[in-house]
Amino acid sequence: MGKRTEFLYMSEPDVIEAGVLDVKMCVNSAEEVFKLLVQGDYLMGGNNHNNHGMYIVFPKETPFPNMPVAGPDRRFVAMPAYLGGRFDICGQKWYGSNAENKIVGLPRSVLMLTLNNKSTGEPLAYMSANLISAARTGAVPAVGARYLTRKDSKVLTLVGCGPIGKACFDSIITELPNVEKVICNNRSEAKAVSLATYIKKNYALNAVVENSLESAAREADVISVAASRTAPLHFRHEWIKQGCTILASGPLQCDESLWMDTDIVYDHIGLHHAYVEDAIESGDKEAYYSGVIGGPIYRLIDAGKKPAIDDSVSIGQVIIGKNQGRISDKQIICFVSCGMSVFDLGLGYDLYMTALEKGIGKKLLLWESPKQSEEA
């Protein structure tokens, strides 16, 4: 007789009830994961155990009538991981993305998260992950804000005002108690207006819309970049104040002189090694660099103009005191955060445990007894 296996299904309302909107909890979870990353108590995909994920991207043309063709941000991604520490869990974030989803009333990406028993492989939970992904995406730069920003920062500029930009704001603002003004900049002004209205209503802060990237950047003590890959940005050196912290959760370009005047803090050194390895293996390193947040920095490293990745600083090293982050009020810092499935696992695990405790979600049967075990 084989073993009965159930797993917990958690819908988006279940995830909300379990606490995914508790911003401070999400930020603290992300900080805990950063400590495990720098200690090495994790695994991700690929031979280097640091790969962001396995992608399915579609061709521009196909002879097969049912095969999708390439489109803006159209892809599927599988992101497996193991996370140690108190989490001690395996799992996978899976998502499909298509910019045209908005035509049918869907978000750009539709995501699910699976948690598995690390020994048997049995599913423990299968949960809606759009809000989990948004929460951890916002929480990661908030950890950067916690450790890297000037504590007297008064002006926060948000570049990118969609759902991810909003999630970043909700988390980052918890770490900036002295902010008095929030500047919203977005390619679509309507989204900037919407986010500014939300901020004024829910945070009683002075929130304004600024369509000029230059004007939005010049005032900022902290800049959160959460624009999509289809909205390329270029910051000029003279726009950035001394002491500014750039929290890069989306791609950006800068004058070379600005990059040279900026201290880089990475989310995780191993991830950026994996990106460079993938770029080399792709056969078109320059094109690959253009598709990732750290690409402009990798080019400067290749040219010998910026420190090698191994000689750089990660936020985990700053958290545990192995390296320093901000050492002066004049220092310009860019925190590069690209997203990793271990953060989804960490947050998902805590939501799962809360759900078990409070009876949230629905238990589903996988099998009473697996047929294979009976046949064996």
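Biologist: Where is aspartate 73 in the chain?
Modeller: In this predicted model, aspartate 73 lies in the loop between strand 3 and strand 4, the latter covering residues 75-83.

Biologist: And what is phi for aspartate 73?
Modeller: Phi of aspartate 73 is near 55°, which is a positive value in a residue other than glycine. Aspartate 73 is also partly exposed, with a relative accessible area of 22%.

Biologist: Which loop holds histidine 49?
Modeller: Histidine 49 sits in the loop between strand 2 (42-44) and strand 3 (54-57). Although histidine 49 is not a glycine, it has a positive phi of about 60°, and at 40% relative accessibility it counts as partly exposed.

Biologist: Since you mention helix 2, how far does it reach?
Modeller: Helix 2 spans residues 23-39, which makes 17 residues, and from its first C-alpha to its last it reaches 25 Å, close to the 24 Å expected at 1.5 Å a residue.

Biologist: Which residues of helix 2 are buried?
Modeller: The buried residues of helix 2 are Cys26, Val27, Ser29, Ala30, Glu31, Val33, Phe34, Leu36 and Leu37.

Biologist: What does lysine 166 pair with?
Modeller: Lysine 166 forms a salt bridge with aspartate 170, and the closest N and O atoms of the two are 3.2 Å apart. Because they are four residues apart in helix 4 (residues 163-172), lysine 166 and aspartate 170 are separated by about one helical turn.

Biologist: Is aspartate 170 buried or exposed?
Modeller: Aspartate 170 is buried, with a relative accessible area of 10%, whereas lysine 166 counts as partly exposed at 31% relative accessibility.

Biologist: Which residue does aspartate 302 meet in a salt bridge?
Modeller: The side chain of aspartate 302 meets that of lysine 285 in a salt bridge, at 3.3 Å from N to O. This pair links distant parts of the chain, with aspartate 302 in helix 10 (residues 295-302) and lysine 285 in helix 9 (residues 285-289), 17 residues apart. Aspartate 302 is partly exposed at a relative accessible area of 43%, and lysine 285 is partly exposed at 31% relative accessibility.

Biologist: And what about arginine 299 and glutamate 286, how many Å from N to O?
Modeller: The side chains of arginine 299 and glutamate 286 meet in a salt bridge at 2.6 Å, N to O. Here too the pair links distant parts of the chain, since arginine 299 is in helix 10 and glutamate 286 is in helix 9, 13 residues apart. Arginine 299 counts as partly exposed at 25% relative accessibility, and glutamate 286 is partly exposed with a relative accessible area of 40%.

Biologist: Changing topic, which residues of strand 13 are buried on its two sides?
Modeller: Strand 13 (residues 245-248) is covered on both faces, with Thr245 and Leu247 buried on one side and Ile246 and Ala248 buried on the other. In a regular strand the side chains alternate between the two faces of the sheet.

Biologist: Which strands run alongside strand 13?
Modeller: Strand 11 (residues 222-225) pairs with strand 13 in the parallel sense over four bridges, and four bridges also join strand 13 to strand 17 (residues 332-336), again running parallel. Isoleucine 246 of strand 13 is the bridge partner of isoleucine 223, and the bridge partner of isoleucine 246 in strand 17 is cysteine 334.

Biologist: One last topic, what volume does the second largest pocket have?
Modeller: The second largest pocket has a volume of about 230 Å³. It is lined by 16 residues, and the closest to its centre are Asp263, Ile264, Pro307, Ser312 and Val313.

Biologist: Which element gives the most to that lining?
Modeller: Strand 15 gives the most to the lining of the second largest pocket, with five residues. Strand 15 (262-266) and helix 10 each supply at least two residues of the lining, which by class has seven nonpolar, six polar and three charged residues.

Methods:
Residues numbered from 1 in each chain as written. Predicted model: local features only at pLDDT ≥ 70, side-chain atom pairs only at ≥ 80, totals over all residues. Heavy atoms only, no water. Salt bridge = Lys/Arg side-chain N within 4 Å of Asp/Glu carboxyl O. Buried < 20%, exposed > 50% of the residue type's maximum accessible area, 1.4 Å probe, protein only. Pairing = 2+ DSSP bridges. 1 Å grid on protein atoms, 1.4 Å probe; cavity = no way out; pocket = protein on both sides within 12 Å on 5 of 7 lines; lining within 4 Å. Points joined across faces, edges and corners; volume = space filled by probe spheres on them. Nonpolar A, V, L, I, M, F, W, Y, C, P; charged D, E, K, R; others polar. Expected span 1.5 Å × (residues − 1).
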